[in-house]
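These are my notebook entries on a single structure. I set down what I looked up, topic by topic.

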Amino acid sequence: TEGIASDFCVFIGVYNAMQHIPRIKGWLKEIDLEGCDIYICDNLSTDETFKWFEENLDHIKCRRITLVQNPRNFGGYGNLVFNLDLMEGYEWVTTLHQDDEYRSDHCQLHRLTAESAAKDLGVICSEATSWDMTNGSEIPYPRLSWLMPDNVDEAATFLMTLQNHFLPFSGASFRTQMLRQIPITWHNAAFPDSELILKAIPRWKFTYL
């Protein structure tokens, strides 16, 4: 594939996602995944989620797709770190959530940012559209990240994260080296996203698109 180097992959963790399939079909059809390898990891769903993805892989336009089913439900963050070994060799992984919706250029904008990123950039964040799982309505703005001042330093990031997790993770890209270096007790973590940021602050930086 021409263009950006293939050090970038996309991770879609799913669990009992059949209620979201109509919306997933919409954004997954439109999102530009050129040059991307996709890893779809099912957390041992009890509905038809795994079967649906098995039967619809041909409709996802990307370079390569890997579909796996975990031996148990590891939770959202646990699903990602449990399958990091599948993504050995990639410098970056973008996570797409089953109950969010993404712009068509979401992954390509993250790839472009990753291509020119400094070596200490660990997380690239941008907004997704979130939906209420109970009534199917869009969760309204504003977003916490909008309150982020310019040139946030490490101390401000630390304090803001303690108060509220303000960096959106629903469509974030992570440097895989950072994920491997920072252990999170995913099986006993109330807020693994905030814990990841707090532990990463001494070494890694973050950017919001």
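**Entry 1. Salt bridges.** I began with charged side chains and found that Asp37, Arg63 and Arg64 are linked in a network of salt bridges. I took a salt bridge to be a side-chain nitrogen of Lys or Arg within 4 Å of a carboxyl oxygen of Asp or Glu. I note here that the model is predicted, that local features need pLDDT of at least 70 and side-chain atom pairs pLDDT 80 or more, and that totals for chains, interfaces and linings use all residues. Residues are numbered from 1 along each chain as its sequence is written, and side-chain values use heavy atoms, with hydrogens and water left out.

My search of the whole structure returned eight salt bridges. I looked up three of them in detail.

Arg23 pairs with Glu101, with 3.6 Å between the closest N and O atoms. Because Arg23 belongs to helix 1 and Glu101 to strand 5, this bridge ties together parts that are 78 residues apart in sequence. Helices (H or I, at least four residues) and strands (E, at least two) are DSSP runs, numbered from the N terminus. Arg23 is partly exposed at 24% relative accessible area, and Glu101 is partly exposed at 29%. For these labels, buried means under 20% relative accessible area, exposed over 50%, and partly exposed in between, with a 1.4 Å probe and protein chains only.

Arg175 and Glu91 meet at 2.4 Å, N to O. This pair links distant parts of the chain, 84 residues apart: Arg175 is in strand 8, and Glu91 is in the loop between helix 3 and strand 4 (92–97). Arg175 is buried at 3% relative accessibility, whereas Glu91 is partly exposed at 26%.

Glu154 and Lys205 form a salt bridge with their closest N and O atoms 3.2 Å apart. Glu154 lies in helix 5 and Lys205 in strand 9, so the bridge connects parts that are 51 residues apart in sequence. I recorded Glu154 as partly exposed at 40% and Lys205 as partly exposed at 39%.

**Entry 2. Aromatic pairs.** I counted five aromatic pairs. The rule pairs rings of Phe, Tyr and Trp (its six-membered ring) if their centres lie within 6.5 Å; planes under 30 degrees apart count as stacked, over 60 as edge-to-face and the rest as tilted. One of the pairs is Trp27 with Tyr102, edge-to-face at 5.1 Å centre to centre and 75° between the planes. Trp27 sits in helix 1 (residues 21–30) and Tyr102 in the loop between strand 5 (100–101) and helix 4, 75 residues apart. Trp27 is buried at 4% relative accessibility, and Tyr102 is buried at 7%.

**Entry 3. Cysteines.** How many disulfides does the structure hold? I found zero, a disulfide being a pair of cysteine sulfur atoms within 2.5 Å. The closest cysteine sulfur to that of Cys107 is in Cys36, at 5.3 Å, which is too far for a bond. Cys125 is likewise in no disulfide, and its nearest cysteine sulfur, that of Cys107, is 14 Å away. I recorded 0% relative accessibility for Cys107, which is buried, and 0% for Cys125, also buried.

**Entry 4. Helices 6 and 7.** In helix 7 (residues 192–200), I listed Pro192, Ser194, Leu196, Ile197 and Ala200 as buried. Their cover includes helix 3 (75–82), helix 5 (154–163), strand 8 (173–175), helix 6 (176–181) and strand 9 (205–208). I then turned to Met178, found in helix 6 and buried at 0% relative accessibility. Leaving aside neighbours within four places in sequence, Met178 is in contact (heavy atoms within 4.5 Å) with Gly122, Val123, Leu196, Ala200 and Trp204. Met178 and Leu121 are 57 residues apart in sequence and 9.3 Å apart in space, C-alpha to C-alpha.

**Entry 5. Backbone in loops.** Asn16 has phi near 45° and is placed in the loop between strand 1 (8–14) and helix 1. Leu44 has a phi of about 55°, lies in the loop between strand 2 (33–42) and helix 2 (49–56), and is partly exposed at 37%.
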